[in-house]
Amino acid sequence: MERGYWIRSKPVYTALLWNDKATAHAVLAEGEGGLAVLKLFQQALPEQPITVFYSPAGADKDYLPALQAAVDADLRVFETTADLMAAWASYLAEARMGLRIYTTGIEKFMWDVAETAASFGILNQDVMKELTGSLARSVYCVHCKSLTHEVTSNIATCGGCGRKLFVRDHFSRRMGAYMGLMVDAENPGEVPQIEEIYP
Amino acid sequence: MSQLQVKVASIQDVSAGVRHFTLVDASGGELPAFSGGSHIVVTMPAPGRTYRNAYSLLSSPEDRAHYEIAVHRQPQSRGGSIYMHEAVKVGSVLDISYPVNLFALSRVAKHHLLIAGGIGITPFMAQIHDLERLGGDYSLHYGFRSREHAAFADALKGRVSQRAVCYDESLGQRMDFDALLRAQPLGTHVYACGPQGMVEALVATARALGWPEHHIHSEQFLAPPVGEPFTLKLSKSELEITVQGDMSMLEALEAAGVDAPSLCRGGACGRCELEVLGTDGQLQHHDHYLSDADKASGRKIMPCVSRAKCGYLELNL
Ligand code: FES
């Protein structure tokens with residue numbers, strides 16, 4: 001198992017807050033993150049230009065009309081998250097230092113946003129994150145190394161090797177995923193009760 | 001502090017008040033490797049007292065046969081730079097520390113913006129070697145008072161002219177930090193070395209524009225300011241030491257044979273921090289390492305640059 005590679009606890013997320021010291025702001029949201037964007041725009045707006053990237057994918061409600069009314073900024077809406085990520089990468093390629101980055105949505109979305117930013121030299125800790133919507137986890141199987149997304153239970157079936165994985169609280173920033181360890185390694189077939197704990 | 005012995009192989013005056021020293025290993029061997037941005041501390045046994053000053057290495061880090069340093073004669077110097085200018089000759093043997101890098105290039109930067117003022121160009125001379133060798137993306141902005149103060153403008157012109165912009169203040173050319181910083185692509189790291197006012201202005205501008213703290217690197221070698229004499233009481237070793245007005249606390253400790261750690265000797269690295277147990281006066285903090293809260297608490301002091309206006313100062317040492 002990779003040592004020193006996982007952080008012992010799950011990441012801490014905050015509520016988004018504008019950072020006044022900046023030259024520009026980029027807000028990236030998916031699904032239920034639309035609500036967090038609405039809250040963000042109720043705070044006093046910073047003076048610098050703001051660009052909002054939003055993909056409604058996975059939202060329980062339609063936040064678009066409210067966003068269009070409330071967001072006094074350059075609002076860019078994408079049908080799919082993949083389109084949003086492609087636009088984000090080309091935006092970053094033109095961006096200058098002083099850009100502040102805010103993201104909100106489910107964990108996987110936020111870590112994809114941060115990872116794209118990291119490829120442009122921005123550290124993950126400088127991307128502000130607010131978790132909204134589902135607590136679903138991405139799980140990395142330490143046995144077959146594949147990722148299984150949208151896991152909502154304490155025990156998941158690995159999409160790669162089919163093992164039953166216990167979902168740990170150990171989180172890999174690089175993969176944006178939690179560690180999954182085979183539950184019945186000692187006593188094959190002995191799987192504890194599966195509970196939905198990350199709704 | 002572990003020491004190396006070097007011999008002065010050549011001396012050159014490169015610009016007004018700046019003398020350039022080429023050092024070789026005193027026994028003819030190879031010198032330890034270093035990375036661009038490193039400095040050494042030179043021990044100068046002047047009559048009556050010993051000075052120790054930090055100087056950036058400006059030679060190519062790949063050259064293990066020589067170290068090069070440049071020493072700016074500080075008019076208000078307490079003696080260190082004057083000693084280098086007047087007492088050190090070709091063939092002199094000097095004790096120096098092993099190189100230490102407190103101003104290293106970031107490995108994750110997408111672009112390096114190097115900002116030099118006056119003699120602050122020296123660490124960048126070595127860093128440019130590293131950047132050229134590794135193919136790093138960078139630009140250098142070098143300001144100086146006038147052409148005759150431009151210690152390395154010609155050397156830069158020959159080597160990296162398309163990457164370097166020079167600003168001659170006597171011609172009214174000045175760096176516009178705000179415009180320069182705003183123009184930098186994402187993932188840029190900025191490095192500043194030069195006079196205190198310049199470095200502080202650059203750091204403040206970068207912060208105001210929202211640069212994350214770890215994208216901002218700076219180095220200044222503060223000379224310890226002179227003050228009034230006072231007495232150090234060391235509680236553990238039960239010693240009493242007088243700090244002369246033109247001596248730093250660190251120098252006074254070293255002169256008394258006390259083993260006091262240090263690295264940058266310029267109030268930046270934090271290595272020399274000491275615990276204050278009491279004083280009958282006021283601490284005078286000159287470092288830029290301690291937080292304002294630490295300074296206000298009166299419990300900590302950086303003896304390389306800070307002192308006290310008092311009769312005695314008691315240290316947990
Ligand atoms: S030796 Fe670096 S702060 Fe004093």
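I sorted the lining of the second largest pocket by residue type and got 10 nonpolar, 5 polar and 4 charged. The model is predicted, and I read it as such.

I then took the volume of the second largest pocket: about 590 Å³. Its lining has 19 residues, and those closest to the centre are Val203(B), Arg207(B), Ser218(B), Gln220(B) and His288(B). The largest share, 6 residues, is from α5(B). I also checked domains: domain 2 (111-219) and domain 3 (230-315) of chain B each supply at least three lining residues.

I moved to helix α3 of chain B, residues 153-160, where I found Ala153(B), Leu156(B) and Val160(B) buried. Looking down the axis of α3(B), I saw the buried residues fall within an arc of 75°, so they line one face of the helix. On the face turned away from that buried side I noted two exposed residues, Asp154(B) and Gly158(B). What covers the buried residues of α3(B)? I listed α2 (122-134), β9 (138-144) and β10 (164-168) of chain B among the covering elements.

Last, I looked up Gly311(B). I placed it in the loop between β18 (307-309) and β19 (312-315) of chain B. Is Gly311(B) buried or partly exposed? Its relative accessible area is 39%, so I logged Gly311(B) as partly exposed. Setting aside neighbours within four places in sequence, I found Gly311(B) in contact with Phe230(B), Thr231(B) and Asp280(B). From Gly311(B) to Lys295(B) I counted 16 residues in sequence and 19 Å in space, C-alpha to C-alpha.

Technical notes:
Residues are numbered from 1 along each chain as its sequence is written. Chains are lettered from A and ligands numbered from 1 in the order in which they are written. This is a predicted model: local features need pLDDT of at least 70, side-chain atom pairs count only at pLDDT 80 or more; totals for chains, interfaces and linings use all residues. Side-chain values use heavy atoms; hydrogens and water are left out. Buried means under 20% relative accessible area, exposed over 50%, partly exposed in between (1.4 Å probe, protein chains only). Helices (H or I, at least four residues) and strands (E, at least two) are DSSP runs, numbered from the N terminus. The arc is that of the directions from the helix axis to the C-beta atoms. Contact means heavy atoms within 4.5 Å. On a 1 Å grid over the protein atoms alone, a cavity is a set of points where a 1.4 Å probe fits but cannot get out, and a pocket is an open set with protein on both sides within 12 Å along at least five of seven lines; lining residues have an atom within 4 Å of a point. Grid points are joined across faces, edges and corners, and a volume is the space filled by probe spheres set on the points. Ala, Val, Leu, Ile, Met, Phe, Trp, Tyr, Cys and Pro count as nonpolar, Asp, Glu, Lys and Arg as charged, and the others, Gly among them, as polar. Domain bounds come from an automatic or database domain assignment.
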